[in-house]
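Reader: I would like to learn how to read a structure, one feature at a time. Where do we start?
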Amino acid sequence: MEPLLSIRDLSIAYRVGTSEMLAVENASFDVPRGAIVGLVGESGCGKTTLARSLTRILADNARIAGGQAVFDGQDIMALSERRMNALRWREIAFIPQSAMNSLDPVYTVGSQLAEVLCRRGNLSRRAARRRSEELFEWVGIEAGRLGDYPHQFSGGMRQRVAIALALALDPKLIIADEPVTALDVIVQRQILDQLRELQTRLGISVILVTHDISVVAYVCDRVVVMYAGHVAEAGPMAATLTRPAHPYTMGLRNAFPDLASAGGQLTPIEGAPPNLLHPPPGCRFAARCPFAQPACTDTVPAPVTLDDDHVVACHRWAEADTLRTRAERSETWMART
Amino acid sequence: MTSSLQTTARLALMSAAVATFGATVAAADPIRRIDLITRPQAAQPAEFQFVQLIAQEWRRLGLDVNVRVMPWEQMSDIVWFNRDTWDTTAWQMVGRPERSDPDEIVYNLFHSTTAERGFNFIGYNNPDYDAIVEEQRVTLDPDERRELVRRAQAILAADQPNMMLAHPQSTFAFNQSVWNPESVVEQGGIGIRNTWTFMSLEPAGDQRSIILNSSDNVQAINPLYISGGVDSWITELVWDRLMRIGPDGLPTPWAATGYEWIDDTTITVTLRDGMSWHDGEPVTPEDVKFSFEAAGSGESPMYGPFVTNIESIEIDGMDITFNLIQPSAPFLTASLAKINLIPKHIWEPIIERLADSDENAESIQEDTPIGSGPFRFHSWTANEEIVLNAFADHFNAPKADRWILRIVPNVEAALGMLRSGEINFLADFPGDPSVLQSAAEQDPNLVAVSTVDIGFRYVAFNHRRAPFDDPAFRQALSSTVDRRMIVGAAFRGFAVPSNSVVSPALEFWHNEETGNMEAGLDRARAILEEAGYRLIDGRLHYPEGVSETLQ
Amino acid sequence: MTETEALVRVEGARLHYPIGGIVSAMRGLPSAVKAVDGISFTLHRGESVGLLGESGCGKTSTGRLLLKLDDPTDGHITFDGEDITTIRGEALRRFRTRAQLIFQNPFEALNPRFTIRAALSEPLENARIPRAEREARIHRVMDLVRLPDAAQFLDRYPHQLSGGQLQRIVMARALILEPDFVVADEPVSMLDVSVRAGVLNVFREVRARMGLTAVYISHDLALVRYVCERTIVMYLGRIVEDGPTEDLVREPLHPYTKALVAAVPVPHPDQSHDPLPIGRGAPDPRNPPSGCSFRDRCPMAHARCAVEEPGPSRVGQRLVHCHLYDQADTRPAARGTPA
Amino acid sequence: MTNPDTPRRAGRLRRAFAGLRLPLHDPLAIAGLAIYAAFIVIAIFAPQIATHDPTEILFTDDFQLAADLRPGEDGYIMGTTTLGRDVFSQLVWGSRSALVIGLTAAFMVALIGSIVGVVAGYFGGWTDTLLMRLADVAFGIPFLPFVIVLAAFLEPSIWNVVIAMALILWRDTGRVIRSQTLTLRTRAYVEAARISGSSDVKIILRHIVPNVLPLSFLYGSIAIGWAILTEASISFLGFGDPTSISWGYMLQDAYASQALSKRSYYWFVPPGLCIILIVSAGFFISRGYEKILFPKLDR
Amino acid sequence: MKAITAIGSRLLQTLFVLWAVVTILFLMFRLMPGNPMAAYIDPNFTPEQQDALMARFGLDRPLWEQYFIYLGNLLQGDLGESFFYRTPVTERILALLPNTLILTFSSLIVAYAFGILAGSYLAWKRGSRVEQVAVPVVLTTRAMPEFWLGMILLAVFSFTLGWFPAGGTRPPGAEYDGYWALYTSRDFLVHLTLPVLTLAIYSQGLPLLLMRSNMLDVMKEDFVTMARIKGLSPFTVVIRHAARNALLPVTTSFAIAVGYQIQGNVVVETVFSWPGLGRELVRAVSASDYPLAQGAFLMIAVVVILMNLIADLLYALLDPRVTRE
């Protein structure tokens, strides 16, 4: 089946002073219909920028520097602003990281729902009210709280409101930008369950931006790993997490404490991501990679498709299995410090 | 004359003159630093200016002069209430119609009995002078009295108790397309803004309201309270008096048809027939008698002094007889032309009520003040305007319909209003009179009239303190600056140089021989040298043997 | 273990923040948020204890009490036998050299105006360490936190370093006076995943090497498990469970701990998606329920929970504050310290 | 997405001007500073620049008062006043009063406000309550009427304005600096200093004060304007000090002498422009500090 | 519930400030140098008369006794008797207060209407040439001495062009049926124009700059970005979300501005011969009319304090985050 969204060679640039820097460079991946795709990476890797670019609402100093994002047959990067606006929220909705800041503090949540339903969904006030009640029921909030102001909700409840808001116009795609990061584990789990349940029921596609591999592991069907503006690896969640092909993904697994497996030493990836104003010429991870070869610092690796839609951008993709074994040992990563 | 002024000015312009007199021998005290008090420029530009000028010249005599600028309250506290601690101060006597009789000036200001608490705040004490001014009070023959007043002026000229400077001119303007200029009356020593003008102003066109300005607020409209200067414009229009000061400065019968001295202490006046109060009640001799009694009742402390000389009042038909305690030459001016006639039926209950309270009549503000004058009270909008309507039943009914007083604190705006027609009579102009003059020259509709004032400006010396107890020293200081220069620099020419407290506007009383004193730095230095003062190292010292007497 | 080995004892500590004013007091409204509401525990020398709980549970407030950054509204805290709630002056200064904090956010814990050297010198100045000795100590502590080429950092400003480096500097500053006791308040939560492990490893290493007594405050059970042998779980200002970390992870006793353990996500595709054994809703610190503060979310709450606040019950090496484990015979023992 | 280069350069610049923390990156603020520099030069060299003693009563060659001369007439650059003083010299000397009043008042306001704010914010408790209730009271006192009453009771002096500002206007600075201090106090690095055993005084001087300084300067630069405008208003209302030449005094003098009716714009307009110039220069500088403090606001 | 207690303690605070200001005022006027009655004791008075006058105004009693009498009278709305007018101060002040309030409010309404619109516009046009020029110009308007501006407006629009009268609230001798008829008349409007213009030119800067920077702030808020992501029209985004939020502090600043303006009116009332409280205060102070000066001062202070209170309450009223808890 044709993917709902197909991103090809997408680049997004920020103007910093007089120069420009590519926060996202030549990113490509697909979002299948009815799937949750996890977009994962460290802060500053470009995952949020990329996700936001799909609404075409970017920061003032940012611009789309190239590439396409074909959504349901049309390239949303090439659409006129008018047609793009028609798409927003009706087709592509958004769940922000902090619903506290994303809900207008001076209106009740009910009226913010009604605003979207009436102005964008062309519903009558009465129909909007009914729909609001339905949405609140879906996300598990009493309809009576429609008259409350955002600050009267707890963090988790606000996030549920944000989900309700995103579902309002039956979109095909929801972009969720770190929707549970600010929440406590218990609430986080409950919200993820809710999201998953609704997504499955309504058959929506979701791009879930997160820095937390556990979250990806818990809800996602597919995962896209980003590093310093590049897509390092993308593929089905289970395959990618159990058999990572990119050294960065391998490293991440070691750096992460895991409640399920007992004990063991954690291993950090030493160093820090490169400064994107002056990116290194080759693989962006080369400087921190224990397996880097001369070619890695010279040329940017092209994405290679392994089996089962598993794509990796690494010069040593062919050796992935051996590297993975070596990567499981801490000494491999400590050697470089 | 011009040349001597030029000399003075040239000297004034020269940088500190080299000491030319006095030998530097014995060790006498230097003269201490001398204070010269003035009010702020904002309040009194001319005063501030002449004080600067005088201080500048005194310093050239070798004096250390400290100009102290302070508001009126502090100035009056130091000068008027404490009396002992000041040296010299700028001072002013304002012109009022009653001051057309010289008694208030020559007696009150200089008689030794008023030195303690009264008007003689400078502490002048001259027994000869006391005798003369006491005598003029009880001398009823005008010519004899005139001689005494002139002699008093001569003594003052010799003693120089004050440094007399000038009688300023009052300048007022009106719009002659609104008011027939013929109908404007110029009152001697007062100017064209006076009761007579307001009664006789004749409309030249459709505008029948006299619209005039004041920069001060109206304080009270009360016949038993001498409040602000502006208030007196209103009281004089709303209430009649037995006599009024005429345009010539002399008392003329008004509500009285005439008066007759029966003897030195008895005077009979005849009340005009057919007068009525603004509420329609007739004006009776009982009302007149009540008016004088109310003034003396103690509930009107400010009017009290003007009736203390009255022993009793008798009524016979329309005749009212005043029996005085002692003969009084200024009685006509200071009492008969001073006391407002008030309706007994309104004020008697008020005075009775006040007798038992700690308030007095000064705090009574009637909602609609009732008098018998040529204008009747109509409305009062706080800080904005007062409207009086013409009282058609008056024996001298005004020709205008209304008299509207606008409160305009912004002087420049007042002038603008006169030009634009928002007001048609500029009754108060504390600004630069030359502006008014040139405005009148530019606009053919505007007429500006300047009149020499009864009031005067001077620098007072404190006779209680050395060195001002020395007439020679006072003479010298007084003669330092030519008065014509002061008139030019401080009053922009709108004043008359003067050496007498009796204004030249009061031609009858003024002693023209006091004339213009010879003045200039040379003259001052000569006087000082003659009296033994010496200049040592640029600093003026007392004569030998005299030492500073202050502690 | 014996009493002498106890370094820190907390007895019935409460910390209430006032809210509202005179008027609200007159109207009989709650006048305080009970951030910490009567907790007792003992820290033994060389022990590493995790303080675990959701935001608003009072774990950070407890940490502040331990370091005398706040004084308890009620109760006592003794450090090495001395009641720190009342110390001042010289005694306080001495305490400050022995108890240190590792901050949550390394980007804020260093004054941006000062170089790293200045930041590290500040405690040394305050402890009146002679100038000559300072540089050597700075280098020593930099080695300790695995920033061996100190020279390249010391003259830099905080904004010129990465988060991982900064957090090690923050640790270095806490350790430079060689304290006995360290509180670490979520020290890696602001860091990227790839560098967290480095900081955690340094923490573990240093603790072992210096024999530090440490409290590690976190909401993340996996992290706590990595660095602490004992864990205290808090909920709404109270302790719900206290015991060896491994036991707690393997077999949580308190219903809240159970939910917490179940909720922790793991980075593996194969994991349980069962609904959590806990009701919806969030704790409200301003209006905690009566009795057991967890009862409104507890799937096993019964009538008694609403009226009676559960005391500690000993189960094995653990203390559980829940009526489910409330057996008369264990109660007296529960008052003691876990053996 | 940090960029290590820009902050490094900015850091060096910041250190170079650490003492003054001048807002040198904002064109408007630079314009303000330039205006100040110009007026400071004029004030310092006033005796050399001015052609006359500003209080001297001047006379013409034919010994008349040199009153209301037009610019250029008799060599008076900007003409003379009605009382025969040289307008140009008064304008030049006026810069001294303006700077003295403005700067001392600003200094007092910033100093008192900062001390109150830092002390209240840092120590909290009853100190805070007391100081902030004091600030409430200061907020309840209408400023201009207060200055008027003060000026009327004391002998007229330019210092009345300064005293009044010191007594009243610290309130705004105090409140803002207090809340700034409150946030600073909870900053991790301030806590860190406390834990490392730093004394309160040391923490205040090392960690708090440098951070509130720009805020003090911001309020100080606004206070300069307030002081000069207030002095002008007070002079206009007749409570000014006529012995010291200020622009406010000049305006009052011109107003009292009906300069507008005389069309003596050369007398009435320049002092007003000077006031506008120097006061808005203060505002310009304050915007520079605003940008230091709230960099997100503008860019 | 919480809102009510907050309002309660705010009211208590207001009462405290009122008391403190009253006390400061009392002390200020009693402890200043000079004989308070110097200007009103006629030299012709006998010592007994002078003493009687002092006694009449209670100035012969010990200070603390005067203070309690003063407080007691104040509670009954009695501000004493004016030395100058010899009539109750309260009466006088109440006659003048409406004029001052109407001047203050009309100028602020004009200033805020303009300032809010222009401020939003400038925020919208951020970075443009218009904005770069406008900001310094606006700052400059706040640097103008008000009387200077007033005099120049007067010279141009009244003296030279003759479009507006030079002062007062109404034409000479005009009469109206009460305040309302006056305030709604065309005459009044014509007289009001220049003083309002003067004050408004000075006051528009505050709402303008405030609105502009608030808008810039709010435009960066997540919920504005969200509104755009929701595909709402730019108008909805700017007006319904950005402006509505940016207006909050501007609205409360209005109340505070009333307090500031009412003190500043002193000067403009003099320039335009406006019969207001400020002018009366200046006159009373220069004439040493202490009871009246004190009363006028107090009345202005009360307005200032009330407006500070209203600003806080208004904030609570308009911002749901404060009220609905």
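Reader: Which residues does Ile77(C) touch, not counting residues up to four places away in sequence?

Author: One caution before that: this is a predicted model. Contacts are read from C-beta atoms that lie within 7 Å. Ile77(C) touches Val10(C), Ala13(C), Leu65(C), Leu66(C), Pro72(C), Ile84(C) and Thr85(C). Take Leu66(C): in sequence, Ile77(C) and Leu66(C) are 11 residues apart. In space they are 7.1 Å apart, C-alpha to C-alpha.

Reader: Is Ile77(C) buried or exposed?

Author: Count neighbours. A residue is buried if 20 or more other C-beta atoms lie within 10 Å of its own. Ile77(C) has 21, so Ile77(C) is buried. Ile77(C) belongs to strand S4 of chain C, residues 74-79.

Reader: What pLDDT does chain C average?

Author: Read pLDDT as the predictor's confidence in each residue. The average for chain C is 85, and 91% of the residues score at least 70. Now look at residues 328-339 of chain C: there pLDDT stays under 50. The model has 16 contacts beyond four places in sequence for that stretch.

Reader: Next, the chain pairs. How many residues does each side bring to the contact of chain A and chain C?

Author: Chain A brings 37 residues and chain C brings 34. On the chain A side, helices H7 (185-202), H8 (213-219), H9 (237-242) and H10 (247-255) each supply at least two residues. H7(A) gives the most, with 6 residues. By type, the chain A side divides into 20 nonpolar, 10 polar and 7 charged residues.

Reader: And chain B: how far from chain A and chain C do its closest C-alpha atoms lie?

Author: Check contacts, then distances. No contact joins chain A and chain B, and their closest C-alpha atoms lie 47 Å apart. No contact joins chain B and chain C either; there the closest C-alpha atoms lie 44 Å apart.

Reader: Let us stay with chain B. Which residues of helix H16 are buried?

Author: H16(B) covers residues 521-531, and its buried residues are Leu521(B), Ala524(B), Arg525(B), Ile527(B) and Leu528(B). Look down the helix axis: these buried residues fall within an arc of 160°, so they line one face of H16(B). Just after the helix, Gly532(B) takes a positive phi of about 100°.

Reader: Back to chain A. How many helices and strands are there?

Author: Chain A has 13 helices and 12 strands. Compare its radius of gyration with a length rule. The value is 21 Å, close to the 20 Å that the globule rule gives for 337 residues, so chain A is as compact as a globular protein of that length. The C-alpha trace spans about 65 × 50 × 40 Å along its principal axes. Of the 337 residues, 53% count as buried. Sequence separation is another check. Among contacts in chain A between residues at least 6 apart in sequence, 65% join residues at least 24 apart.

Reader: How many bridges join strands S1 and S4 of chain A?

Author: Read a strand pair by its direction and its bridges. S1(A), residues 5-16, and S4(A), residues 62-71, run antiparallel and are joined by 8 bridges. One example: Leu5(A) has Phe71(A) in S4(A) as its bridge partner.

Reader: What does S4(A) do with S5(A)?

Author: S4(A) pairs with S5(A), residues 74-75, in the antiparallel sense over 2 bridges. Val70(A) stands opposite Asp75(A) in S5(A). The two strands form a hairpin with 2 residues between them, where Asp72(A) takes a positive phi near 55°.

Definitions and conventions:
Residues are numbered from 1 along each chain as its sequence is written. Chains are lettered from A and ligands numbered from 1 in the order in which they are written. This is a predicted model: local features need pLDDT of at least 70, side-chain atom pairs count only at pLDDT 80 or more; totals for chains, interfaces and linings use all residues. Two residues are in contact if their C-beta atoms, placed from the backbone, lie within 7 Å. Helices (H or I, at least four residues) and strands (E, at least two) are DSSP runs, numbered from the N terminus. Ala, Val, Leu, Ile, Met, Phe, Trp, Tyr, Cys and Pro count as nonpolar, Asp, Glu, Lys and Arg as charged, and the others, Gly among them, as polar. A residue is buried if 20 or more other C-beta atoms lie within 10 Å of its own, exposed if 12 or fewer, and partly exposed in between; C-beta atoms are placed from the backbone. The arc is that of the directions from the helix axis to the C-beta atoms. The radius of gyration is taken over C-alpha atoms; the globule rule is 2.2 Å times the number of residues to the power 0.38. pLDDT is the predictor's confidence in each residue, from 0 to 100. Two strands pair if DSSP finds at least two bridges between them.
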